[in-house]
Amino acid sequence: MKEEKSEKLVIWGRNPVIEALRSGRSLEKILVAHDSHPPKELLKLAEEKKVKVQKVPRQKVEELAGTKKTQGVVALVSPIQYWNEDKLIDKVIKEKGILVVLDHITDPQNVGSIMRTSEILGVSGIVLPKERSSPINEVVVKASTGAVFYLPIAKVGSLRNTLEKFKKKGGWVVAVEKGGKNIHEIDFPFPLALVVGSEGKGVSKSVLEEADIVASIPMKGKITSFNVSNATAIALWEVFKKKETLK
């Protein structure tokens, strides 16, 4: 079901490591600083999953993580497994679900935050372009609070081609961009691909041409745009509310 691998991950922080264990992700080992006291839940999960927990100097933990903000714990995680795009499209269509499409978002904090919101609101999958997009690295894992381990993710050569396939199988494409219809007034159709673009450039022209609906978030203040992760959270909440009424 899944096709390609990314580089090995070193993740840090108590919650991301706990979520990696819960999700069934293959962990090679967990390193805990001598002077820290990891949560009982983390140690219990590691024992249940038969993942080795090793006590090491805090300096070793921080060197592996590349940061001092480790909460005294890091884990060596097997690579993220990416989905085949056709399999992911079929999954979203079957579930009448939500596919979140990240159009060349390069900031890993934003990507991680979007994945966290997506997982919480029951998104069926995430699509990223192979070029000009943040890798799924340690920063993404940390910002997602481990949500990345639960989400089906596909990396594709062409977002436009992926959206064309999605539409041919019965999906609808909604792009979040300025100049569209007020997002509060849209009767969202499902299955749905929600496209969000990079800060500054927004949704690219070729991708925007595939949109069935352009949705805009109304703004009253003097600042002219939202951070992309905040805009995605607002848009997903509107879509989620509509989907819940259809149950």
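Buried means under 20% relative accessible area, with over 50% called exposed and the range in between partly exposed (1.4 Å probe, protein chains only). The model is predicted, so local features need pLDDT of at least 70 and side-chain atom pairs pLDDT 80 or more, while totals for chains, interfaces and linings use all residues. Residues are numbered from 1 along each chain as its sequence is written, and side-chain values use heavy atoms, without hydrogens and water.

View 1. S144 is buried, at a relative accessible area of 1%. The residue lies in the loop between α6 (138-143) and β9 (153-156); helices (H or I, at least four residues) and strands (E, at least two) are DSSP runs numbered from the N terminus. Beyond its neighbours within four places in sequence, S144 is in contact (heavy atoms within 4.5 Å) with G112, M115 and R116.

**View 2. I18 in helix α1.** Helix α1 covers residues 14-22 and includes I18. I18 is buried, with a relative accessible area of 4%. Residues up to four places away in sequence aside, I18 touches P39, E41, L42 and L45. A46 is 28 residues from I18 in sequence, and their C-alpha atoms are 8.6 Å apart.

**View 3. L27 in strand β3.** L27 belongs to strand β3 (residues 27-33) and is buried, with a relative accessible area of 9%. Not counting residues up to four places away in sequence, L27 touches A20, L21, V51, A75, L76 and V77. Between the C-alpha atoms of L27 and E119, which are 92 residues apart along the chain, the separation is 21 Å.

**View 4. The nonpolar cores.** A nonpolar core is a set of buried Ala, Val, Leu, Ile, Met, Phe, Trp, Tyr and Cys residues joined through side-chain atoms within 4.5 Å. The largest such core has 53 residues, and those with the most contacts inside it are I11, L21, I30, L102, M115 and I136. Helix α9 gives the largest share of this core, five residues. Another core, of 20 residues, lies apart from it and includes L88, I93, V156 and V203.

**View 5. Helix α9 and its packing.** The 18 residues of α9 reach 26 Å from the first C-alpha to the last, close to the 26 Å expected at 1.5 Å a residue; the expected span is 1.5 Å times one less than the number of residues. Buried in α9 are V228, S229, A231, T232, A235, L236, E238 and V239. These buried residues pack against β7 (98-103), α5 (108-120), β10 and β11.

**View 6. The largest pocket.** On a 1 Å grid over the protein atoms alone, a pocket is an open set of points where a 1.4 Å probe fits, with protein on both sides within 12 Å along at least five of seven lines, and lining residues have an atom within 4 Å of a point. The largest pocket has a volume of about 400 Å³, the volume being the space filled by probe spheres set on the points, which are joined across faces, edges and corners. Of its 19 lining residues, V176, E177, K178, S225 and F226 are the closest to the centre. At least two lining residues come from each of β10 (172-182), β11 (192-197) and α9 (228-245). The lining divides into eight nonpolar, seven polar and four charged residues; Ala, Val, Leu, Ile, Met, Phe, Trp, Tyr, Cys and Pro count as nonpolar, Asp, Glu, Lys and Arg as charged, and the others, Gly among them, as polar.
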